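Here are a few notes to read alongside the model.

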Amino acid sequence: MGFPHHPHPRETTVLTKHFGEADARTLAGWKKRGGYKALEKALGMQPTDIVNVVKESGLRGRGGAGFPTGLKWSFMKPGDGKPHYLCCNADESEPGTFKDRELMRWTPHALVEGCAIGAYAIGAETAYVYIRGEFTEPLYWMEQAVKEAYAAGIIGKNAMGSGKRIDVHVHKGAGAYICGEETALMESLEGRRGNPRIKPPFPAVSGVFGMPTTINNVETLIAAAPILLNGADWYKKMSLSSPKSTGTKLYSVCGNVQRPGTYEVVMGFPFKEFLYDLCGGPLHGRKFKAVIPGGASVPIQNMEEAEATLMDYEGFVAGGSMLGSGGVIVIDDAQPMVTVIARLARFFAHESCGQCTQCREGTAWTTKILERIRDGEGTVEDLDTLLDIGEQMTGKTICVLSDSCAVPVISGIKKFRGEFEALIQGRRFHPVTAAVA
Amino acid sequence: MTPDLVGGVESPDYASHDRAAHEPYVAVFTGDVKRELDELLTRYPTKMAALLPALWIVQRERGWVSDEGMAEVAGFLDLTPAYVKGVVTFYTMYHQHPVGKYFIQVCTTSPCGICGAEDVVKAFLRHTNTGELGLTSPDGRYTVIEVECLGACGFATPVMINEEFIESVTPDRVPELLARLA
Amino acid sequence: MAEKKMVNLTIEGRPVSVVEGTTILEAAKTAGILIPHYCYHPGLPIAGVCRMCLVEVEKAPKLAPSCATTVAEGQVVRVYSEKSLDARKGVLEMLLINHPLDCPICDQSGECELQDYTYQEGREDSRYREPKRFNPAEDFGGDVIYVPNRCILCTRCVRFMDDVAHDPTLNVSERGDRALIGKFEGKDLTHPWAANVVDLCPVGALLSKDFLNKARAWELDRTASICPNCTQGCNVTMETRENQLVRMRPRPNENVNAFFMCDWGRLNYRWMNEKNRVEKPMVRAKNGLAASSWEAAISAAARALNGKKVFVAASPMLSNESLFLLTELMQGGSGAFRVTEGEEAPLPGVEDLALRRERAANVYGAEKLGFNKTKDLLGGLGQGDVLVIAGEDLAGIDASALARAGDVIVISSVLPEAAGKASVVLPIANYSEEEGTVTNLRGRVQRFTQAKQAPGETRPSWLVLGDLLGAMGKQTNFFLPSEVFAKLASSNTSFAGLSYDSLGFKGLPLVDAPPTHPKAPIAVAAR
C-alpha cells in the first residue's frame with residue numbers, strides 16, 4: 001500500500017497489508033489477521049531451525065547495511081552461559097526514512113511478534129525496542145501492544161505456554177540520530193551518551209551490558225514472521241533480480257513527488273517505473289532532477305542513473321548509490337542543490353556525537369563552507385577544499401556518520417558541479433576573509 | 001533569522017522565560033513516581049540503564065530537567081551529577097531550561113526543506129509572537145524551534161507540539177493549529 | 001605463569017616481536033617509533049577517538065587506529081606511508097581549525113603535543129576561513145583551570161576521573177563541534193589526585209593554577225627525583241627555573257606510581273625553596289655561634305663526639321646514605337625520628353597507590369637502619385648524651401628534654417629555634433639539592449638526584465657526615481654518594497647486592513622486601 005494513498009496494483013503488500021486499518025493495532029484485530037501464528041510456530045521449533053529458515057530465505061538487514069539476518073543470528077552462540085539480548089533498532093532517524101514509523105503505528109503487534117521470534121531464535125530472554133523519542137505515536141502504540149501481549153501471556157514468563165521467558169521492553173530515546181548506529185544505540189540503552197563504540201568487539205560477542213547482543217531493524221524483525229509461516233522459498237521467489245536480494249522492501253518516498261508515502265515492492269523493481277508510476281511522477285510543471293534513494297547517507301543519483309536502476313542491494317550500487325534504509329528523497333528542478341546539500345551537511349554536523357576529530361570538526365567545517373557558497377560568498381578553492389575534507393572524513397572514524405556527511409557533498413559536487421560554480425561566479429566581489437588561523 | 005546551531009554559536013537562549021528556574025526544587029521521585037522508577041529498574045540489569053527513562057519522568061513532571069533534577073536522578077541511580085549532565089546535554093529532547101507551555105518543533109531537514117518547511121517555521125514565529133527561534137513568547141505560551149528530521153518526511157512538514165505529532169503542516173494551517181491549543 | 005605467546009610483525013621495515021594482545025602503538029614503541037597520538041595514554045582505558053594514530057596495515061581496507069588495533073602475526077605496518085601521513089595531516093588540520101594560535105601566551109607551549117606533531121607532520125597553512133569557536137575559560141576547582149578553546153576533546157581527563165580516580169566529576173558536555181569538557185555546578189575537582197588531569201592533557205586546555213604563567217617550558221631544568229612528601233615514593237621530575245623549584249610532575253614507574261602523583265605531594269615543594277637557610281658552618285664562641293671554616297667546624301664536632309654516648313634525632317627526609325653514616329656516628333648510642341601524619345588518600349584505579357599517612361620519604365629506610373620511630377623524639381636522650389640533630393626542626397619539642405643533652409650538634413639546612421644550645425652547626429643541602437636514595441613503604445630503594453644548587457657553603461649531608469666520621473678517625477673516604485651506598489650495601493644485609501647502577505632510575509626492592517606486582521601499563525580494556 002502506498003500509504004497514505006490507495007495501494008498500487010504493482011505493489012506486493014506483505015508487511016504493509018494492514019496499514020490504515022485501525023483495528024489491526026489491537027491484539028484481537030491482529031489475531032484476526034493471523035497474528036502470533038508465526039510466534040506459535042517458532043516456539044515449537046528449535047532456535048537453530050529458525051535461524052536456518054531465515055538464512056535460507058536470504059533476508060538481509062533492512063536498516064541500511066544489508067547484512068544477512070540469518071547469518072547475524074547464527075553468531076549468537078547457544079549455551080555460552082551468558083544472558084543474550086535482542087535490540088530492535090526503531091531509532092529511525094535517517095532523513096527521508098519513515099517506514100518503521102508506519103510499521104509501528106499500524107502494526108505494532110507485528111513488531112512484538114517479530115521481537116519475540118528473534119529473541120527466541122538467538123537465545124535471548126529480553127528484547128529492547130529502542131524507539132526514537134520524537135515518535136510519540138509509534139511509542140504509544142508499541143506500549144499498548146506490549147501491554148496487551150503481556151496480559152494475554154503471549155510474552156512474559158511463559159510465552160504462549162511454551163515455558164520460555166521472553167520479555168519485550170520499549171525504550172524511549174531522547175533525540176540523537178547517532179543512536180541509530182548499533183553500538184551507539186547500545187550505549188544509549190545502557191544510560192550513556194550515544195557514542196559509537198570501537199569494533200571489535202562486535203555486538204554478538206560483547207553488546208549491550210557487555211553481553212552477546214543482536215541488533216535488528218524493525219522491518220527485518222517483522223519480516224521474519226511471514227518467512228516462518230510461508231517458508232524460505234516463498235520469500236526467495238519474491239525477487240525480480242539478484243538471488244542476493246530477496247523478498248519485499250519498504251520504501252518511504254518523500255520530497256518533490258506527486259504521491260509521497262510508504263511503498264512495498266519486491267526486490268529488483270525498476271526504479272524508473274517506481275518513481276513515475278507508483279509515486280505518480282513529478283509535481284505539475286516540474287521535472288525530477290536528482291534522487292537520494294536510501295536515506296541522506298547515500299550518494300545522490302542524477303536522473304540518468306536513477307532511471308536505469310533496479311531496486312535492490314546490488315542494483316542501487318550499480319546505479320552509483322546504495323539501497324540504504326529505503327528512504328527515497330526526490331528532488332525536482334525547482335530546488336537549488338547547494339541548499340539541499342548544505343542543509344544535509346548541517347544535519348550531520350548537528351548530529352555528530354563529536355568523538356572523532358574528523359567528524360566533529362569536519363561536519364561543521366563542511367557546513368560552514370557550503371552555507372557560505374549558498375549565500376554567494378564561496379570561492380573557487382572552496383570546492384577543492386570540500387572534496388578534500390570529504391576525503392579526510394571518509395573511512396577514518398569509529399562509525400560512518402562522518403562518511404555519511406561526506407557522501408552527499410562529494411557526490412553532489414561531482415554530479416551538480418555547475419550549480420556550485422554558478423553560485424560562486426555570481427558573486428560580485430570577493431572579500432578575502434582573513435584566515436584566522 | 002536562522003540561528004546557526006553549528007559552529008559554536010550558543011544554543012537558543014531560553015532565559016527570557018526563567019521564572020520556573022527560581023522556584024524551590026520539589027523532589028520528583030516520591031510516591032507513585034518513585035514506584036514507577038522502581039518498576040523501570042526491573043527492566044534492566046543495571047541501574048544506569050534507567051537513566052534516560054528517569055530523565056523523561058523528570059521532564060514530564062517538571063516540564064524541564066534542572067540541575068537539581070539531574071542531581072536527584074543521579075542519587076537514585078548511583079551516578080554522579082556530572083555524569084548525568086553529560087548525558088542530558090548529549091540528547092536534544094531534554095529541556096535544560098524552562099520552555100513555553102507549548103513547545104513547537106518544526107522539522108526543517110532537507111526532505112522537508114525542499115517541501116517548504118522554512119515557510120512553516122516563519123508562520124509559527126509570526127503567529128506565536130516568539131520573534132526568534134528558541135525564544136519563548138512574552139506570555140510564556142510558545143517556544144518554537146527548528147528540529148532535525150522528525151522521521152515523517154512523506155508528511156512534510158511534520159510539526160510536534162509538546163507530545164502531539166502533526167503531519168503535513170502548511171503555513172496556512174498554522175493559525176488553525178494554534179487556535180486549537182487555546 | 002603460562003608462557004605468553006609472542007607475535008612477530010614488521011613496523012616500518014623493522015622486525016618486532018611482542019606479547020600477544022599488544023597494540024600496534026605499543027609495539028611500535030619497542031621498535032623506537034612513536035606513532036603520534038592524543039587520546040591514547042597507557043594509564044587510561046582506550047578511547048580511540050582522536051584518530052591521530054592511524055597507520056596503514058598491509059591488506060587492511062582502511063587505516064587502522066594503532067592504539068586500538070592489536071598486533072597480528074606477519075602484519076606489515078606502515079607508519080610513514082603517504083596514506084598514513086595524509087590522514088594524520090588531515091587530523092592535525094581539523095584539530096587546529098578551532099584551536100587558537102595563542103602559543104605565545106599558553107603555558108603548554110614547548111611541551112604541547114599539538115605543537116610537536118604539527119611541526120612534525122602538519123600542514124604549514126590552514127584552509128579554514130570561518131570564525132573560530134569560542135567558549136570562556138572555566139575554573140574547575142582544585143588546582144585546575146579549563147580553557148575550552150584549546151581543548152581537542154581527547155577525553156583523557158574524563159577517563160582519568162572516571163576510571164582511575166573513580167570519581168566522575170568531569171564529563172563531555174554537548175555534542176558534535178559544540179562538545180566541551182564540563183562539570184556539574186558546585187562539584188569541583190577536589191579529588192586528592194585530580195591535578196593529574198593537567199599532566200594528562202596533551203594541549204594547554206587544562207592548566208595548573210599553581211604553575212600558571214610561572215615559566216616557559218623550555219626555561220625549565222628537569223631532574224629525576226622521588227617525591228619526598230610521603231612514604232609512597234612516587235617517582236617525579238623536579239623542574240627548576242633559575243635555581244627555584246617551580247613544579248613537580250610524576251615520572252612513570254610501573255612499580256610505584258604508574259603515571260601519577262597526588263596533589264598534596266605535587267604542590268608541597270615550596271619548603272625546598274626556603275630562603276632562611278644556614279649557609280655557613282658555625283662553632284660556639286664566647287658570644288654565641290660564630291661562622292667558621294668547614295675544617296674548624298668538623299674538627300670541633302669530632303672533638304665533641306669522640307668517646308661520648310651519642311643520641312641522634314634524625315629527619316626521615318634524610319637519605320639512606322646519610323642515615324647510615326649517622327648510625328656509624330652513634331658509637332653505641334641510639335637514634336630516633338618522628339614523622340608528620342595526615343589522612344591516607346588512595347588512587348582507587350591503581351593498585352597500592354596512595355598519598356600515605358606518614359608524610360616523609362624515608363620512614364622505612366630510617367627504621368631499617370635502626371632508628372626508632374617515636375612520637376617522643378628525645379625520649380631516648382640520656383642525661384649527658386651528645387645530641388646530634390640531623391635535619392630535624394625540633395618544632396614543639398620541650399626545652400626541658402633538650403636540657404638533658406651534654407652537648408648539641410646540629411647538622412641541618414635550616415637552623416632549628418631550639419638549637420641555641422648547639423656547640424657546632426654544620427649546614428647541609430636540602431632534599432632537592434643533593435643526591436641519594438630513599439626506601440619507600442614497600443621496601444623499594446629509589447635514587448633521587450640533585451635538582452638545584454645548595455646556597456652558600458652548604459654541603460651535601462653524606463659528604464659532611466663522611467668528613468665528620470673521618471675526623472673522628474674512622475675509615476671513610478667517600479667522594480660520591482654511590483660509594484656511601486656501596487658501603488651500606490656491604491654492611492647491611494637488607495641492602496645486599498644493590499648498587500646505584502643496578503637501581504637505575506626506577507629503583508629495586510630491598511632483599512627482604514615483600515613481593516609486589518607491577519601496576520602498569522594498566523591493562524584497562526576499552527569499556
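**Notes on the predicted model**

1. For a sense of dimensions, the C-alpha trace of chain A spans about 75 × 45 × 35 Å along its principal axes. Of the 437 residues in chain A, 62% are buried. If you look at contacts in chain A between residues at least 6 apart in sequence, 71% of them join residues at least 24 apart.

2. Next, a helix pair in chain B. Helix α2 (residues 51–62) of chain B packs with helix α3 (residues 67–76) of chain B at an angle of about 140°, and their axes are 10 Å apart. Since an angle over 145 degrees would be needed for roughly antiparallel, this value makes α2(B) oblique to α3(B). The crossing in which α2(B) passes α3(B) is right-handed.

3. Which residues make the contact between these two helices? From α2(B) come B:Leu51, B:Ala54, B:Leu55, B:Val58 and B:Arg62, while α3(B) supplies B:Gly69, B:Val73 and B:Phe76. By class, the residues of this contact of α2(B) with α3(B) are six nonpolar, one polar and one charged.

4. Now to the contact of chain B with chain A. Here 37 residues of chain B are in contact with 50 residues of chain A. On the side of chain B that touches chain A, the elements giving two or more residues are α2, α4 and α5 (110–113) of chain B. Of these, α2(B) gives the most, with four residues. The residues on that side of chain B divide into 25 nonpolar, nine polar and three charged.

5. Finally, chain B also touches chain C, in a contact that takes 12 residues from chain B and 18 residues from chain C. Which helix gives the largest share of the side of chain B that touches chain C? That is helix α4 (residues 81–90) of chain B, with seven residues. This side of chain B is made up of five nonpolar, five polar and two charged residues.

6. Helix α4 of chain B is another, being among the elements that give two or more residues to the side touching chain A and giving seven to the side touching chain C.

Terms used
Residues are numbered from 1 along each chain as its sequence is written. Chains are lettered from A and ligands numbered from 1 in the order in which they are written. This is a predicted model: local features need pLDDT of at least 70, side-chain atom pairs count only at pLDDT 80 or more; totals for chains, interfaces and linings use all residues. Two residues are in contact if their C-beta atoms, placed from the backbone, lie within 7 Å. Ala, Val, Leu, Ile, Met, Phe, Trp, Tyr, Cys and Pro count as nonpolar, Asp, Glu, Lys and Arg as charged, and the others, Gly among them, as polar. A residue is buried if 20 or more other C-beta atoms lie within 10 Å of its own, exposed if 12 or fewer, and partly exposed in between; C-beta atoms are placed from the backbone. Axes are lines fitted to C-alpha atoms, for helices over the stretch in contact, and angles run from 0 to 180 degrees between N-to-C directions. Angles under 35 degrees count as roughly parallel, over 145 as roughly antiparallel, 65 to 115 as roughly perpendicular and the rest as oblique. A crossing is left-handed if the near helix is turned anticlockwise from the far one by less than a right angle, and right-handed if clockwise.
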